[in-house]
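Hi,

Here is the structure I promised to send over.

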Amino acid sequence: MTSYRALWLLALPLAALRLLWRGAIDPTYRAHWRERFGFGLPRGPFDVWIHAVSVGETRAADPLLKALHSRNAQMKILLTHMTPTGRATGAQLFGESVTQCYLPYDFAPCVIRFLNATRPARSVVMETELWPEVIAQCAQREIPVWLVNARLSEKSARGYAKFPTLTRATLNRLREVLAAADADAARFTSLGAGNVAVLGNMKFDVTPPNDWAEKAHALRALFGMAPLWIAGSTREGDEALLLNALRAHPLRRAARALIVPRHPRRFDEVVALAQSMGFRVARRSANEKIASDAEVIVGDTMGEMFAYYACAQVAFIGGSFSTGSQNLIEPCAMGVPVVIGPSTFNFEAAAKAGIAAGAVTQVASAEAALGALVYLLQNNALRETQAIAAQQFARTNQGATARTLIAIFDESDCVSHFTK
């Protein structure tokens, strides 16, 4: 830890400069900036502190938070993030039922100020956020920390393996690593984690918001009844590959494209890109009926992902060309057949299981992705079969949240926390 702390002493000014730079590009990074240094934080104590770094982790925490509140609506929960989009997603999903702030930088004085202010009884870290100082300070204060829905790609495991002593010490300060899949558990164990259990992926337990059908109906009225395929949660580079392949592809005439970038800051960029490539483009945020000749709709709103999927007949999942894939479980839960590219390390187990279940089709390129999408659109029986398989796949893999609650809250805690 000594070397790690020395590195942070040198890195903190650079982190501050990077925050200033990001704030110049994206003003949302300027808000609540003092929290990142351990100042202006909410005052505890809190029953549970859940750390969800960004959008994906915050959505993954949704079933856990709902389960906690269903047992005790008065439970005091702190939800921390590292990105403005994660924080915005948390506010949208949970409103005032949780208290939110940023997790400070992993520098000892910042972390100490954070723990002094918030005083959590226990901590739940979503997926793969291993901050050695945070975990060490929690261990010193006897605050138990669980890494839940834990996942670790081969690439990330190789990175952690370069610092074996620090990684092993950090992992063994955790109360338990509750892995999403066997492969994740094996990688954590290979890095020295001594207390690992496989409980499944909580993202299968995420349920659509109560108003999804109403939103989907409203969107369909805007989009019209023409066949629609969606590219969901696209990352930088995805849109260029898809749109370039779409220019002369039969799918261009067969159906409209609905492209939903993962990051709001890229909405304008994607609109401009599609227009520059000769497509007739509309924006969902215009909130007007889409012109009949529009070929590409950009889904430039937040909080409507389930409704977007419900409007589409088939879905391509962003990030699966090169950055490990975004969430393929959400469209499956909505009964939408899924096409993914070759890169799925963020959803490795789910992708393999979805392919085996007949819910997911994997391809090697953008051209092949469009081919798979148009084939599904033109073959109603196959599309219906895969839609049913998708919903069954999503349902049969549920249950990780209940298992996680049992692992974290023993019987005495359940009595004290859930029956107040």
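For the residue classes, Ala, Val, Leu, Ile, Met, Phe, Trp, Tyr, Cys and Pro count as nonpolar, Asp, Glu, Lys and Arg as charged, and the others, Gly among them, as polar. This is a predicted model, where local features need pLDDT of at least 70 and side-chain atom pairs count only at pLDDT 80 or more, while totals for chains, interfaces and linings use all residues. Residues are numbered from 1 along each chain as its sequence is written, and side-chain values use heavy atoms, with hydrogens and water left out.

Cavities first. On a 1 Å grid over the protein atoms alone, a cavity is a set of points where a 1.4 Å probe fits but cannot get out; a pocket is an open set with protein on both sides within 12 Å along at least five of seven lines, and lining residues have an atom within 4 Å of a point. Points are joined across faces, edges and corners, and a volume is the space filled by probe spheres set on them. Helices (H or I, at least four residues) and strands (E, at least two) are DSSP runs, numbered from the N terminus.

There are two cavities of 30 Å³ or more.

The largest cavity holds about 130 Å³ of space. It has 13 lining residues, and R59, P261, R262, M302 and M305 lie nearest its centre. Seven of the lining residues are nonpolar, three polar and three charged; α2 (55-60), β9 (256-261) and α14 (305-311) each give at least two.

Now the open space. The largest pocket comes to about 1500 Å³. It is lined by 49 residues, with V53, S54, E57, T83 and E129 closest to its centre. Helix α1 gives the most to this lining, six residues, and the lining divides into 19 nonpolar, 15 polar and 15 charged.

On to the charged pairs. A salt bridge here is a side-chain nitrogen of Lys or Arg within 4 Å of a carboxyl oxygen of Asp or Glu, and the count comes to 17. For exposure, buried means under 20% relative accessible area, exposed over 50%, and partly exposed in between (1.4 Å probe, protein chains only).

R280 is worth a look. What does R280 pair with in a salt bridge at 3.8 Å, N to O? The partner is D293. D293 sits in the loop between β10 (281-283) and β11 (296-298) and R280 in the loop between α13 (267-276) and β10, so the pair ties together parts 13 residues apart in sequence. R280 also bridges to E295, with the closest N and O atoms 3.7 Å apart. E295 is in the loop between β10 and β11, so its pairing with R280, in the loop between α13 and β10, links parts 15 residues apart in sequence. E295 is buried at 13% relative accessibility, whereas D293 is partly exposed at 41% and R280 partly exposed at 42%.

In another salt bridge, E269 meets R266, the closest N and O atoms being 3.2 Å apart. R266 is buried at 3% and E269 partly exposed at 38%.

Cheers
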